[in-house]
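Colleague: Please take a close look at the aromatic side chains in this model. I would like one connected account of how they are arranged.

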Amino acid sequence: MSADLSASEARRIFLNAQGIATRRPRRRVREADFAQYLDRQGVLQLDSVNVFARAHYMPLFSRYGAYDPAALDEFLWGPPDGHGAHGFEHWGHEAAVMPLSLLPAMRPRMTKDGRWAKATRERLRAESPGLIEDVLAAVNERGPVTAGDLEHLSPRQRPKGTWWDYSHVKLALEYLFLVGDVAGSRGRNFTRTYDSTERAWGEAAAHAPALTLTEGRQLFFDHAIGSVGVGTLRDIADHFRLLAPKSLTASELPPFAESAVERGLAQWVSVEGWSEPTLLATGAADPGRATASALLSPFDPVCWFRPRLERMFAVDYRIEIYTPAPKRHYGYYCLPFLLGDQIVARVDLKADRKNKALVVLAAWREPGTAPGARRRPDTAVASALREELATAAAWQGLETVVVEPRGDLAAALA
């Protein structure tokens with residue numbers, strides 16, 4: 001029996017749902033584009049790595065082109081006074097910003113009975129009685145504030161140690177953030193600030209009734225179907241990290257899928273080369289031809305779920321930030337390069353802001369070829385990648401691109 005979709009069709013449908021199947025628009029990036037991305041994906045992952053560009057800036061650049069990152073920050077979290085946010089930060093897919101419409105579904109995850117929350121609450125009540133209440137009152141009165149603004153409420157008894165050596169005040173703030181009693185946002189240098197939920201999110205969002213745990217999981221599953229367009233149940237569940245240890249096991253996913261099918265949100269399909277049950281979102285479209293050219297962050301939703309990345313694109317990817325330098329193969333912060341419907345290369349980038357240069361520390365050709373695709377010549381890949389690197393450098397205010405002689409694509413790229 002033939003598959004409903006070829007591997008190439010499924011890949012194009014996925015990229016189209018991700019908003020990255022076609023070339024970037026030739027116009028100024030607008031606030032409406034920020035809203036479109038956040039609403040479509042439902043989650044924008046955060047990460048502190050800033051060797052080239054912060055993680056939450058990259059997916060918008062990959063899809064829409066150069067824009068002012070400060071404008072995105074203001075859209076997400078509101079201006080510095082703490083009002084007018086369009087999103088909220090929480091653990092939607094690791095640390096991430098999500099649209100306020102998904103706040104009721106996240107409320108069950110903001111539990112006071114989680115392991116870390118319970119242990120932290122008990123520790124603070126034993127070591128600094130009343131501090132949680134004092135910190136909450138100070139945030140509600142003075143927010144947005146940083147942990148440093150409130151350290152006087154419980155001064156450190158010893159010098160600060162390692163990076164994760166949180167003070168009692170910082171622990172109290174993180175506890176209140178985790179359980180949803182205060183809102184988190186990002187200030188200068190990616191520093192987390194804290195504010196009252198009413199000010200940051202608005203009265204309506206802050207007091208919207210929470211969904212039940214099951215209702216929230218179903219909403220996330222439904223939303224993820226549209227975000228991926230086509231995917232196995234595990235592909236879909238990973239979008240909002242619904243699988244254990246966060247939430248469910250794979251054996252518990254079918255009822256969520258059946259519910260979506262019964263309500264007309266998706267249909268069951270088979271895909272060439274795929275062995276797991278697969279859903280196709282209602283209204284998901286195959287553009288027929290993928291024309292995008294974009295650098296992708298390792299934290300882009302195209303790259304999140306490594307089994308899908310390998311199945312769809314024949315890319316075996318591992319981020320090597322936490323790998324000791326002598327054991328790295330590709331480099332510290334390698335960005336996959338998407339050309340059409342294939343990921344054809346990866347480059348280890350570093351922004352040398354002092355010398356206004358984008359440094360390509362290494363450039364590698366992907367050894368595999370996506371199922372059903374024709375392998376592109378190195379010269380074509382290098383030509384498209386040169387153009388993309390020039391665009392990325394200009395976006396970051398860098399004037400030159402320097403290619404170092406490491407990697408099997410470096411010579412052609414240079």
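Modeller: Two rings of Phe, Tyr or Trp, with the six-membered ring used for Trp, are taken as a pair if their centres lie within 6.5 Å. The model is a predicted one, and a search of the whole structure turns up 10 aromatic pairs. One aromatic cluster is formed by Phe34, Phe52, Phe61, Tyr67, Phe75 and Trp395.

Phe34 lies in helix 2 (residues 31-41) and Phe75 in helix 4 (residues 69-77), so the pair links distant parts of the chain, 41 residues apart. Burial is counted as under 20% relative accessible area. Phe34, at 5%, is therefore buried, and Phe75 is buried as well, with a relative accessibility of 4%.

A further tilted aromatic pair is made by Phe221 and Phe256, with 6.4 Å from centre to centre and 35° between the planes. This pair also links distant parts of the chain: Phe221 belongs to helix 11, Phe256 to helix 13, and 35 residues separate them. Phe221 has 0% relative accessibility and so counts as buried; Phe256, at 10%, is buried by the cut-off too.

Helix 11 (residues 213-228) and helix 13 (residues 254-262) are set at an angle of about 65°, with their axes 10 Å apart. The crossing of helix 11 past helix 13 is right-handed. On the helix 11 side, the contact is made by Thr214, Arg217, Gln218, Phe221, Asp222 and Ile225. Helix 13 contributes Pro255, Phe256, Ala257, Ser259 and Ala260.

Arg24 has its charged end over the ring of Phe61, 4.7 Å from the ring centre, and Phe61 is one of the residues of the aromatic cluster. Likewise, the charged end of Arg186 sits over the ring of Phe190, 4.3 Å from its centre.

Key: Residues are numbered from 1 along each chain as its sequence is written. This is a predicted model: local features need pLDDT of at least 70, side-chain atom pairs count only at pLDDT 80 or more; totals for chains, interfaces and linings use all residues. Side-chain values use heavy atoms; hydrogens and water are left out. Axes are lines fitted to C-alpha atoms, for helices over the stretch in contact, and angles run from 0 to 180 degrees between N-to-C directions. Helices (H or I, at least four residues) and strands (E, at least two) are DSSP runs, numbered from the N terminus. A crossing is left-handed if the near helix is turned anticlockwise from the far one by less than a right angle, and right-handed if clockwise. Contact means heavy atoms within 4.5 Å. Rings of Phe, Tyr and Trp (its six-membered ring) pair if their centres lie within 6.5 Å; planes under 30 degrees apart count as stacked, over 60 as edge-to-face and the rest as tilted. Buried means under 20% relative accessible area, exposed over 50%, partly exposed in between (1.4 Å probe, protein chains only). A charge sits over a ring if NZ of Lys or CZ of Arg is within 6 Å of the ring centre and within 35 degrees of the ring normal.
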